[in-house]
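Here are a few comments on this one, written as I went through it. Have the viewer open while you read.

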Amino acid sequence: MSSTERDVDHTLAYPEPPASPLWHRRGPQARPITPEQQRRNRELLLLAQRTPRPRSPRTAETLAEAS
């Protein structure tokens, strides 16, 4: 057996299965948000990016569970 035959991954030799029909949803489309909602979302995003998240104190129980 040559080195090239050993190095080949034979799972790659088969074609990819077709996409699942569940991936293509034919449901109702989401309705677009208003400019006012877009502005509010942008403000909230900027606020969330500026303010640091509060750190909760870790108790002895959570330290024991982590290890």
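The points below go from confidence and overall layout to the charged side chains.

1. First, a caution: this is a predicted model. The chain has a mean pLDDT of 76, with 66% of its residues at 70 or more. Where pLDDT is low, the predicted coordinates should not be read in detail.

2. On layout, the chain holds 3 helices and 0 strands. Read from the N terminus, the order of elements is α-α-α.

3. How much of the chain counts as buried? For these 67 residues the figure is 0%. Buried here means under 20% relative accessible area, so that is the cut-off to hold against this number.

4. Now the charges. The count of salt bridges is 2. One of them pairs the side chains of Arg-39 and Glu-36, at 2.5 Å from N to O. The other pairing to look at is Glu-43 with Arg-39, at 2.3 Å, again N to O. Side chains of opposite charge can pair when their charged atoms come close.

5. Why are these partners placed to meet? Arg-39 and Glu-36 are 3 residues apart in helix 2 (residues 35–50), so about one helical turn separates them. Glu-43 and Arg-39 are 4 residues apart in helix 2, which again means a separation of about one helical turn. Through shared partners, the salt bridges tie Glu-36, Arg-39 and Glu-43 into one network.

6. Are these side chains buried or exposed? Arg-39 is partly exposed, at 35% relative accessibility. Glu-36 also counts as partly exposed, at 46%, and Glu-43 is partly exposed with a relative accessible area of 37%.

Note on methods:
Residues are numbered from 1 along each chain as its sequence is written. This is a predicted model: local features need pLDDT of at least 70, side-chain atom pairs count only at pLDDT 80 or more; totals for chains, interfaces and linings use all residues. Side-chain values use heavy atoms; hydrogens and water are left out. A salt bridge is a side-chain nitrogen of Lys or Arg within 4 Å of a carboxyl oxygen of Asp or Glu. Helices (H or I, at least four residues) and strands (E, at least two) are DSSP runs, numbered from the N terminus. Buried means under 20% relative accessible area, exposed over 50%, partly exposed in between (1.4 Å probe, protein chains only). pLDDT is the predictor's confidence in each residue, from 0 to 100.
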